[in-house]
Amino acid sequence: MENDKKIIVTVSGIDKTGIVAKITTKLAQYNVNIEDIKQSICQGYFVMFLLGCFENSNYSFKDIKSALLEVGNEMELEVWVQKRQIFDNMHKI
Amino acid sequence: MFDAKSILETINMIKVNNLDIRTVTLSLSLRDCIDKDIKVVGENIRNKILKYAKNLCNYANEIENEYSIPIVNKRIAVTPISLIGESSKDMNYVYLAKVLDEVATEVNVDFIGGYSALVEKGFTKGDLALIESIPEALSSTKKICSSVNLASSKAGINMDAVLKMSKIIKETARLTANEDGIGAAKLVCFCNAPNDNPFMAGAFHGIGESECQLNIGVSGPGVVSAAIEKLPKDVDFGTLANAIKKIAFKITTTGELVGRELANKLNIPFGVIDLSLAPTPNPGDSVAGIFKAMGLQHAGACGTTAALAMLNDAVKKGGIMASSYVGGLSGAFIPVSEDALMIDAVKKGCLTFDKLEAMTSVCSVGLDMIAIPGETPSDTIAGIIADEMAIGMINKKTTAVRIIPVPNKTVGEMAIYGGLLGEAPIMKVNTLSSSCFVNHGGQIPAPIHSLNN
């Protein structure tokens, strides 16, 4: 399934320098291609959504998720990494 | 491309409103385990469960991680054990209960259901032996759940079985008196028991089911409350019902995704998804909370039965739209001990036993997790069961009784179980005698299926 290799990364927390840089660097390290990205600041609160594809990565979903959660821990951000299918299933008829 | 609003909504449903997969239940036939020698039956059961369920928990944990949605319970449901032990010489059912309990521990599931008998029209020797073994089986094991089908719309009510079960419930509670009669919390009497229900304590692998399948139970009363709270207070009932249907759709599609993925990993067929609003004692995870969101002062107020009827129906409609394989109980559960606001309503005197009984005529199950005084006579318990069976029989719906006569405790005290089973205020029960009625013996005949007034 094509969708099986797509992930949605959601990052939120207090805004600070280097959030996008750290997350995307980690994704590059794990060979996850970024297909779409949206980011905004709302009352000092940082929110980012990112669609990634790990089709060509040698790493598993689990490895990639752990690595991103670690970045979240270091930067005191809330990071969610989920396979995309859950959103497609829930919100499309 | 993606829609940020949808992503936030999903995360919010999981994080704030307690959306979860309540149970993944491996439903397994044990009919090929039958043997004359009970030890061989036990060995066959052990081998078969290990073969199918050894990876259940690992795979469930993997999927939980992939979608970041909690899978709270991993369970197994098996063929009613009365059928499996019946051909063995000594019909030592307690031995089979212990085997099931051990193997459940080995594969790390939290409950195994199917210590059951289907006796709506009479007992076989095996049915009787199993029923009589229930108190010992439930008091000497940790993970066994037991259910007995006493009635159906096609067969009527087996009143001999009702009477027998009232005594079995009391005895089971007595043998587990040091834990407030917890054995009775794992024992349920049914009318029209579903064959594919993934929820405990009533799950078993029905006779007409396939060799093995994975059934999913999804919950989310908090999500439904939140959806209703977002609406203006003055919306009409059509709008209210639509909001419930939409959210039920979203919950069901999510559950089916998880169910199909897990069935795929286990290499077994996907069975059904059961969307049941099953509360937990956690804040915000309450069916009684939905009544408040709908505008009732508290659960038990006049209008509660109508609110529950609409909720139950809208949940089913949303679920049916989302999946072709909706089954099990599907609707709204109203267990008292497992719902913080139901407990509160009982404690404050807002919700009485009689109102609960009325509510069961439109909810998806029945009198569930209700603690009553330990001194309640077994004939009164038989009367309670008979009433509940009658509601199910006449209305062609599943009804159930999971009631705990808490030893040495009375009205005003609490029965404490912990975990998902929660805690229950002991409720007042009508003290008039039912003895002469319930002791007539025999069968309440099957009802007429026309002239529906």
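This is a predicted model: local features need pLDDT of at least 70, side-chain atom pairs count only at pLDDT 80 or more; totals for chains, interfaces and linings use all residues.

**Notes on the model**

1. In chain A, strand β1 (residues 6-14) pairs with β4(A) in the antiparallel sense, over six bridges. Within this pairing, A:S12 sits opposite A:E78 of β4(A). For the terms: strands (E, at least two residues) and helices (H or I, at least four) are DSSP runs numbered from the N terminus, and two strands pair if DSSP finds at least two bridges between them.

2. Residues are numbered from 1 along each chain as its sequence is written, while chains are lettered from A and ligands numbered from 1 in the order in which they are written.

3. The β1-β4 pair of chain A belongs to an open sheet of four strands, ordered β2-β3-β1-β4 with antiparallel pairing. At the edges are β2 (33-42) and β4 (78-83) of chain A, each of which pairs on one side only. From one strand to the next, the twist averages 10 degrees. Helix α1 (residues 4-15) of chain B packs on this sheet, touching β1, β2, β3 (45-53) and β4 of chain A, and its direction makes about 75 degrees with that of β1(A). Axes here are lines fitted to C-alpha atoms, for helices over the stretch in contact, with angles from 0 to 180 degrees between N-to-C directions.

4. Where do the two chains meet? In total, 18 residues of chain A are in contact with 17 residues of chain B; contact means that C-beta atoms, placed from the backbone, lie within 7 Å. On the chain A side, the elements giving two or more residues are β1, β2, β3, α2 (61-74), β4 and α3 (85-91). The largest share, six residues, comes from α3(A). By class, that side has eight nonpolar, five polar and five charged residues. The classes are nonpolar for Ala, Val, Leu, Ile, Met, Phe, Trp, Tyr, Cys and Pro, charged for Asp, Glu, Lys and Arg, and polar for the others, Gly among them.

5. Chain A as a whole has three helices and four strands, which follow the pattern β-α-β-β-α-β-α along the sequence. Buried residues make up 31% of the chain; a residue is buried if 20 or more other C-beta atoms, placed from the backbone, lie within 10 Å of its own, exposed if 12 or fewer, and partly exposed in between.

6. Chain B has 15 helices and 14 strands. Of its 453 residues, 59% count as buried. The C-alpha trace spans about 65 × 55 × 50 Å along the principal axes.

7. Chain B is divided into domain 1 (27-191) and domain 2 (221-444), with bounds from an automatic or database domain assignment. Their C-alpha centres lie 22 Å apart, and the contact takes 38 residues from domain 1 and 44 residues from domain 2. On the domain 1 side, α7(B) gives the most, with eleven residues. The residues of that side divide into 25 nonpolar, eight polar and five charged.

8. Which parts of chain B does helix α8 pack against? Its buried residues pack against α1, α9 (237-266), β8 (270-277) and α10 (287-294) of chain B. Eight of the nine residues of α8(B) (221-229) are buried, so this helix is largely enclosed by the rest of the structure. Among them are B:P221, B:V224 and B:I228.

9. Is B:K89 buried or exposed? B:K89 is exposed, with 9 other C-beta atoms within 10 Å, and lies in the loop between α4 (81-85) and α5 (93-106) of chain B.

Key:
Two residues are in contact if their C-beta atoms, placed from the backbone, lie within 7 Å.
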